[in-house]
Amino acid sequence: MRKYQREDAIAQMNHWGKEKKPFLFLIDYEEKDIRLTALEEIDPEECLFSFPTQSNSTNTISAPLSEEILWYIEPPTQATYEKAFSIVQHHLMRGDTFLCNLTCKIPLFTNLSTKRIFFLSHALYKLWFKGHFVCFSPEIFVRMKEGYIYSYPMKGTISATLPSAEETLLQDEKETAEHATIVDLIRNDLSMVATEVEVEKYRYVDKLTTHKGAILQTSSVVKGKLPTNYRERIGEILFRLLPAGSITGAPKPKTCEVIQQAEGIERGFYTGVMGVFDGEDLDSSVMIRFVEESPTGDYYFRAGGGITAMSKCTDEYEEVIQKSYVPIY
């Protein structure tokens, strides 16, 4: 997949949008590694993807696994996590941010290759990029369809095995405030590229199955009307919305600075955006639920969550561990 600079990527996406030429795109969080390729030119030995409307993978999962999945993570110590958490809390108390997404890079040991994870995992959006990562994301970024743009912010997680889990999640004060902040941020973001922006559906619950049990997550739907020539501006529109609000926080520019200070490392493709334009419509996903492969062949799971002034360090630490799963069942 060819690597582009930001402005060149925008121009290429606008051109392909105007020509109605189908293409795949990967945009890393820092916008330093941007990959574009026409769908007809994708080499399945280098990249496999499976999205709701497009796929270059013919593999289907029908038989159960013949062996036990080995999946062992080495989460950061609670003291290490607390150090980063304290930096975020400091900025929350100062009013620099109201919600900040704090993430971790976690060593992972498994008997599955990244390519096998791609084939065996169940997710709305999956992508394998040889030598780089595999992503099995449940989160939509934006969809552009028939003159409208849709975003589906996902924020708020709980184990489905807990008693009255859905009621507990919906009534949790911290999760409620976190979700409201993200929905407001996404509504403001879409207003930069669309008109008639509205929250079409607010805070519904999805159930996700994992190899460690089911979890519940809350999402909303935000919708806006695009300009009539949006396809020939498709790159411009997409990059205007980056980085995704759900994996940064609010206000976005200052919160991105807080993230850099607290995390201390680049995220790379993790929490970036992947998507496909089919010649008419665009569909994209936030790259969460993510296994990174280092140049030396080591694996790392990337996970995180939103931090607010009401957050408790122990709870947030446990949520990171809970999210370090693979949806194979």
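A: **The largest cavity and its surroundings**

The largest share of the lining of the largest cavity, 5 residues, comes from strand 18. Helices (H or I, at least four residues) and strands (E, at least two) are DSSP runs numbered from the N terminus. The model is predicted: local features need pLDDT of at least 70 and side-chain atom pairs pLDDT 80 or more, while totals for chains, interfaces and linings use all residues. Residues are numbered from 1 along each chain as its sequence is written, and side-chain values use heavy atoms, leaving out hydrogens and water.

Strand 18 (299-307) is joined by strand 6 (99-110) and strand 11 (154-159), each supplying at least two residues of this lining. In total, 19 residues line the cavity, and Lys155, Ile288, Arg289, Gly304 and Lys323 lie nearest its centre. By class, the lining comprises 6 nonpolar, 8 polar and 5 charged residues; Ala, Val, Leu, Ile, Met, Phe, Trp, Tyr, Cys and Pro count as nonpolar, Asp, Glu, Lys and Arg as charged, and the others, Gly among them, as polar.

The volume of this cavity is about 180 Å³, and a search of the whole structure finds 4 cavities of 30 Å³ or more. Here a cavity is a set of points, on a 1 Å grid over the protein atoms alone, where a 1.4 Å probe fits but cannot get out; lining residues have an atom within 4 Å of a point. Points are joined across faces, edges and corners, and the volume is the space filled by probe spheres set on them.

Rings of Phe, Tyr and Trp (its six-membered ring) pair if their centres lie within 6.5 Å, and planes under 30 degrees apart count as stacked, over 60 as edge-to-face and the rest as tilted. In one of these pairs, the ring centres of tyrosine 81 and tyrosine 317 are 5.7 Å apart with planes at 55°, so the pair is tilted. Because tyrosine 81 lies in helix 2 (residues 78-94) and tyrosine 317 in helix 8 (residues 313-322), the pair ties together parts that are 236 residues apart in sequence. Tyrosine 81 and tyrosine 317 are both buried. One aromatic cluster is formed by Phe129, Phe133, Phe269, Tyr270 and Phe290.

Two lysines lie over tyrosine rings. The charged end of lysine 105 is 4.6 Å from the ring centre of tyrosine 300, and lysine 201 lies over the face of tyrosine 204 at 4.5 Å from the ring centre. The criterion is NZ of Lys or CZ of Arg within 6 Å of the ring centre and within 35 degrees of the ring normal.

Methods:
Buried means under 20% relative accessible area, exposed over 50%, partly exposed in between (1.4 Å probe, protein chains only). On a 1 Å grid over the protein atoms alone, a cavity is a set of points where a 1.4 Å probe fits but cannot get out, and a pocket is an open set with protein on both sides within 12 Å along at least five of seven lines; lining residues have an atom within 4 Å of a point.
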